[in-house]
Amino acid sequence: MANATHSTGGRAGGSRSAWASGGVVFAGVLMLIEGIFGIFNGIAAIAKDDVYASVGDYVFKFSLTSWGWIHLIVGILLALTGLGVLRGAPWARALGVGLTALFVILQFMWLPYTPLWAIISIGVGVFVIWSLCTDRGHTSSV
């Protein structure tokens, strides 16, 4: 009976580690979904320039075709890295943090085109970065 009450294996903060480990799986799924949405955004911007509203003079001025290629490339990389995170590939966690940080910056620059979706994507990206950085399940032997 005593062993049943100590499900964390003697580690302090075991429930937080389990929550963060589950967060890594969820982060991989979110990266995959955000990558697929990025691919769709890119295709829409490349195929038809009038899909998104014109914003006028904006500091980060690129043509929609350029934005489309940026979203397409980053979306493909993000989706592939998300699959790597789900498979537990050692390279995927660090690359996932870097690509997601780039994704968050791109979404900030994309705010005038799709403000609500960009804000939601920034929040998702911050969660993904947090969960990939806080899970120590694969690196600690305690």
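Reply: Start with burial. Buried means under 20% relative accessible area, exposed means over 50%, and partly exposed lies in between, using a 1.4 Å probe and protein chains only. This is a predicted model: local features need pLDDT of at least 70, side-chain atom pairs count only at pLDDT 80 or more, and totals for chains, interfaces and linings use all residues. Residues are numbered from 1 along each chain as its sequence is written, and side-chain values use heavy atoms, with hydrogens and water left out.

Me: Is G35 buried or exposed?

Reply: G35 is buried, at a relative accessible area of 0%. G35 sits in helix α2; helices (H or I, at least four residues) and strands (E, at least two) are DSSP runs, numbered from the N terminus.

Me: Which residues are in contact with G35, neighbours within four places in sequence aside?

Reply: Contact means heavy atoms within 4.5 Å. G35 is in contact with G75, L78 and A79, leaving aside neighbours within four places in sequence.

Me: How do I describe two packed helices?

Reply: Two packed helices are described by the angle between their axes and the distance between the axes. Axes are lines fitted to C-alpha atoms, for helices over the stretch in contact, and angles run from 0 to 180 degrees between N-to-C directions. Take helix α3 (residues 64-87) and helix α4 (residues 90-109): their axes come within 9 Å and cross at roughly 150 degrees. That makes α3 roughly antiparallel to α4. The classes are under 35 degrees for roughly parallel, over 145 for roughly antiparallel, 65 to 115 for roughly perpendicular, and oblique for the rest.

Me: What is the angle between α4 and α5?

Reply: About 160 degrees, with the axes 9 Å apart. α4 and α5 are therefore roughly antiparallel to each other.

Me: Which residues make the contact of α4 and α5?

Reply: Among them are R93, G96 and V97 of α4, and V128, I129 and L132 of α5.

Me: And how is a nonpolar core read?

Reply: In soluble globular proteins, nonpolar side chains tend to be buried together. A nonpolar core is a set of buried Ala, Val, Leu, Ile, Met, Phe, Trp, Tyr and Cys residues joined through side-chain atoms within 4.5 Å. Here the largest has 20 residues; M31, W67, V85, V128 and L132 have the most contacts inside it. The elements giving two or more residues to this core are α2 (14-47), α3, α4 and α5 (115-134).
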